[in-house]
Amino acid sequence: MSIRDVLQAVQDRRDELAALTADLIRIPTVNPPGENYLDCAEFVGERLRRRGFDIAYVRAEGTPGDSDRYPRWNVVARKEGARPGPCVHFNSHIDVVEAGAGWTRDPFGGQIEDGKVYGRGACDMKGGLAASIIAAEAFIDLMPGFPGAIEISGTADEESGGYGGVAYLAGKGFFSKPRVDHVIIPEPLNKDCICLGHRGVWWAKIETKGRIAHGSMPFLGDCAVRHMGAVLNAFECELIPALAARRTAMPVIPPGARSSTLNINSIHGGQGEDYDGLPSPCVPDSARMVIDRRFLMEERIEDVKAEVVGILDRLAGERKDFSYAIEDLFEVQPTMTDREAPVVQAVAGGIREVMGREPSYVVSPGTYDQKHVDRIGRLKDCIAYGPGILDLAHQPDEYVGIDDMVDSARVMARALHELLEGGGKA
Ligand SMILES: [Zn+2]
């Protein structure tokens, strides 16, 4: 048997791949709140158990959202090879976002039509999970003497940060050496594209403070919303243009995200809008803003934070009675796997062989579970590679092309062979 036979076997399992994707879509693992995780984990786990994998079901107890009603279940399947060697791990999240409005098909029906499988999660990312399962099964069937180990995981909560999924498992050693050497995350980034990593993130909450007074005599108080207006103005006139001018060497897609960015996530000040009749006449004594700052490999997080604090400190010098508080909410360092890394080389070789073209290398504007593999697992040899068009994710009438799944499954099988056997030729 050669790797060419394995690639043919994947091709021959086209209908099985489509049917598996449809079956996965029919388990509505909507997050939030995190429904049916155990059903989906067991569906994957029991299938792979019949193929000789050892199965672990891991509940991420105590993580955000975990409860007896909505337990955070994960499945990790491991197939040992015939002799020692490296371990290749395929990680897919099993949660999907809500269906939302605008569908012309049943979002949880798994309908197959015109070479596509439709449904919520078809591309993000049950199609990728199915492709990795078919790739691994075909490889094991035809090359049972392989060295090392193959792992496939289905994990919870990627859409809500991954704390009940990859982060939890990484904390338990599931994404570290010596257990695992190479990780492929089949997120939908197109079948000829290798995603090396993502930009950094810093979320923070800024509060400006004032002093309450009667609204008919605002000069007797101090308006926190006006102070926040000065912050907003400084962001608008100075910070946002400065960030837009900062360009990265990271190949972020879309190209608009090749700059540093700031989103004003929310702003609140004074009374809420849920009163009956009229609000009471008061000068607001607090205003809060949440910022979502995405930054580049070329920036250090300390500088990213200092830039914002510097603006606030300057306003404190310029404006009478300006005082503020700032609180970190969340941060993730940017990460980008080296193009020479083994997993990148193996998948690139697969794309060349299967599709006869050079891969493109991209970086994601937002984060995904690679952040936990990198930061908690301390494993650098990790990429995202999988079938499907990212723009269709989270949209109505989401679908994945069956030919695209077959092609990417063939690339995965080829990469498995290269990473486990240490050579592309067979
Ligand atoms: Zn996803």
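This is a predicted model: local features need pLDDT of at least 70, side-chain atom pairs count only at pLDDT 80 or more; totals for chains, interfaces and linings use all residues.
View 1. Asp397 is not a glycine, yet its phi is positive, at about 55°. Most residues other than glycine have a negative phi.

**View 2. Asp321 in the loop between helix 7 and strand 12.** The loop shown runs between helix 7 (301–318) and strand 12 (323–332), and Asp321 is located in it. With 11 other C-beta atoms within 10 Å, Asp321 is exposed; a residue is exposed if that count is 12 or fewer. Phi of Asp321 is positive, near 65°, in a residue other than glycine.

View 3. Most peptide bonds are trans. The bond from Asn31 to Pro32 is cis, with omega near -10°, and Pro32 is situated in the loop between helix 2 and helix 3 (37–50). A cis peptide bond also leads from Asp124 to Met125, with omega near -5°. Met125 is part of helix 4 (residues 122–142).

**View 4. Packing of helix 2 against helix 10.** Two packed helices are described by the angle between their axes and the distance between the axes. Helix 2 (residues 14–25) packs against helix 10 (residues 402–421) at an angle of about 110°, and their axes are 10 Å apart. Helix 2 is therefore roughly perpendicular to helix 10. On the helix 2 side the contact is made by Arg14, Leu17, Ala18 and Thr21, which meet Ile402, Met405, Val406 and Ala409 of helix 10. The residues of this contact comprise six nonpolar, one polar and one charged.

**View 5. The annotated segment 197–318 and Pro255.** An unreviewed UniProt entry lists residues 197–318 as "domain: Peptidase M20 dimerisation". Over residues 197–318, the chain is 32% helix and 25% strand, with the end C-alpha atoms 41 Å apart. Pro255 occupies the loop between helix 6 (224–244) and strand 10 (261–269). Pro255 counts as exposed because it has 9 C-beta neighbours inside 10 Å. Although 110 residues separate Pro255 and Pro365 in sequence, their C-alpha atoms are 9.3 Å apart in space.

**Context for the views: the whole chain.** The chain contains ten helices and 16 strands, and 47% of its 426 residues count as buried. Its C-alpha trace spans about 85 × 45 × 40 Å along the principal axes. Among contacts with a separation of 6 or more, 81% involve residues 24 or more positions apart.

How values were computed: Residues are numbered from 1 along each chain as its sequence is written. Helices (H or I, at least four residues) and strands (E, at least two) are DSSP runs, numbered from the N terminus. A residue is buried if 20 or more other C-beta atoms lie within 10 Å of its own, exposed if 12 or fewer, and partly exposed in between; C-beta atoms are placed from the backbone. Two residues are in contact if their C-beta atoms, placed from the backbone, lie within 7 Å. Axes are lines fitted to C-alpha atoms, for helices over the stretch in contact, and angles run from 0 to 180 degrees between N-to-C directions. Angles under 35 degrees count as roughly parallel, over 145 as roughly antiparallel, 65 to 115 as roughly perpendicular and the rest as oblique. Ala, Val, Leu, Ile, Met, Phe, Trp, Tyr, Cys and Pro count as nonpolar, Asp, Glu, Lys and Arg as charged, and the others, Gly among them, as polar. UniProt positions are given in the numbering used here, feature names are shortened, and annotations may be inferred rather than shown by experiment.
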